[in-house]
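The sequence and structure come first.

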Amino acid sequence: MTSDLDGRTALVTGGAGGIGLACVRALAAAGAKVHVVDVDAEGAEAAASEAGGWAHTADLTDPAAIAALPAEVDILVNNAGIQHVAPLEDFPPEVFTRIQALMVTAPFLLIRHALPSMYAKGWGRIVNMSSVHGLRASAYKAAYVAAKHGLEGLSKVAALEGAEHGVTSNCVNPGYVRTPLVDGQIDAQAAEHGIPRDDVVAEVLLRRAAIKKLIEPDDVASLVVWLCSPRAGHITGASIPLDGGWTAA
C-alpha cells in the first residue's frame, strides 16, 4: 500500500520527544524516511530506530552542527525549542540570546541549507512549529514570544521565495500541548500557587481557550503531515492555529 509521502525524505528537529517525536512517527507512517535531529543523543537514536530513519545529535545553536546535517531533504520540520519564564527586568540576556539562536537563527540556517535541493527537485515542504505565542503575547515569556513572532516572518518570506520552485512554507500554531515541557510548567505553577495540577490546566493554561483540554501531540503531527501532502499544495505562507479557540476570542 502506498502512502502520500512514499519516496520523500524528512528532517525533524527536536525529534526525540513531544511534538517532534509525534511528527517523526506520523511522517514515517505516511511513507517518509526521517532524519531525527536532537541534542538528546539517546532519544534521537530511539526515535530513529522506531521510525526506521536516521539519528543526528546536534546543538542547533552551533551553525557548524547545522552545516553537518543532511541537506537533501524534501520536508523540513523546524520544531526544536525551549522555554524560560521570567519578568523582563529579570530575564537573563544570555538566555534570551540562546532562545533566538535556537528558534529563529537555526530555522533560518536549516531552510537555507535545504532549499537548494528542494529547488532542484521542484518540490519541498517547510513546516515551522510556531505557537499561539507567534500570534499572541503572554507576560513573562519575552524570549519565546519574540522568537515565535520572528519565526512567523521567516516562514512567510520562505513561502514567497519558494512558491515558483514548488516549495511551500507554513507555520503550525498550537496552544498548550501535552508534552514534558508543558508538564514541567504545570508542576511549577501548581507549586507556586499551591493549587492542584488540574486547576492549573483549567484556570491558568487554558483560561483563554474555549476547549478546556490539552492538545495531544498526535493532533499536531496530523496537521504537519497534511501540510506535507499533495492536497496542501496551495497552502503556503499560512499560520494555522491549533489552539482550542484561544485566538478566536
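Which element gives the largest share of the lining of the largest cavity? That share, five residues, comes from H4.

## Basis

This is a predicted model, in which local features need pLDDT of at least 70, side-chain atom pairs count only at pLDDT 80 or more, and totals for chains, interfaces and linings use all residues. Residues are numbered from 1 along each chain as its sequence is written, and side-chain values use heavy atoms, with hydrogens and water left out.

Helices (H or I, at least four residues) are DSSP runs numbered from the N terminus.

## The cavity

Rolling a probe the size of a water molecule over the atoms shows where empty space is left. Here a cavity is a set of points on a 1 Å grid over the protein atoms alone where a 1.4 Å probe fits but cannot get out; lining residues have an atom within 4 Å of a point. Grid points are joined across faces, edges and corners, and the volume is the space filled by probe spheres set on the points.

One cavity of 30 Å³ or more is present, and the largest cavity holds about 70 Å³ of space. Elements giving two or more residues to its lining are H4 and helix H5 (142-162). The lining consists of 13 residues, and Asn78, Asn79, Ala80, Leu102 and Pro107 lie nearest the centre. By class, nine lining residues are nonpolar (Ala, Val, Leu, Ile, Met, Phe, Trp, Tyr, Cys and Pro), one is charged (Asp, Glu, Lys and Arg) and three are polar (the others, Gly among them).

Helix H7 spans residues 197-205, and its residues Val200, Val201 and Leu205 are buried (under 20% relative accessible area; exposed is over 50% and partly exposed in between, with a 1.4 Å probe and protein chains only). These three cover an arc of only 100 degrees around the axis, so they sit on the same side of H7; the arc is that of the directions from the helix axis to the C-beta atoms. Asp198 and Glu203, on the other side of H7, are exposed.

The buried residues of H7 pack against H6.

Gln185 belongs to helix H6 (residues 180-193). Gln185 counts as buried because its relative accessibility is 14%. Apart from neighbours within four places in sequence, Gln185 is in contact (heavy atoms within 4.5 Å) with Gln83, Lys141 and Tyr176.

Pro116 lies in helix H4 (residues 93-121). With 52% relative accessibility, Pro116 counts as exposed. From Pro116 to Ser131 the separation is 15 residues in sequence and 27 Å in space, C-alpha to C-alpha.

Key. On a 1 Å grid over the protein atoms alone, a cavity is a set of points where a 1.4 Å probe fits but cannot get out, and a pocket is an open set with protein on both sides within 12 Å along at least five of seven lines; lining residues have an atom within 4 Å of a point.
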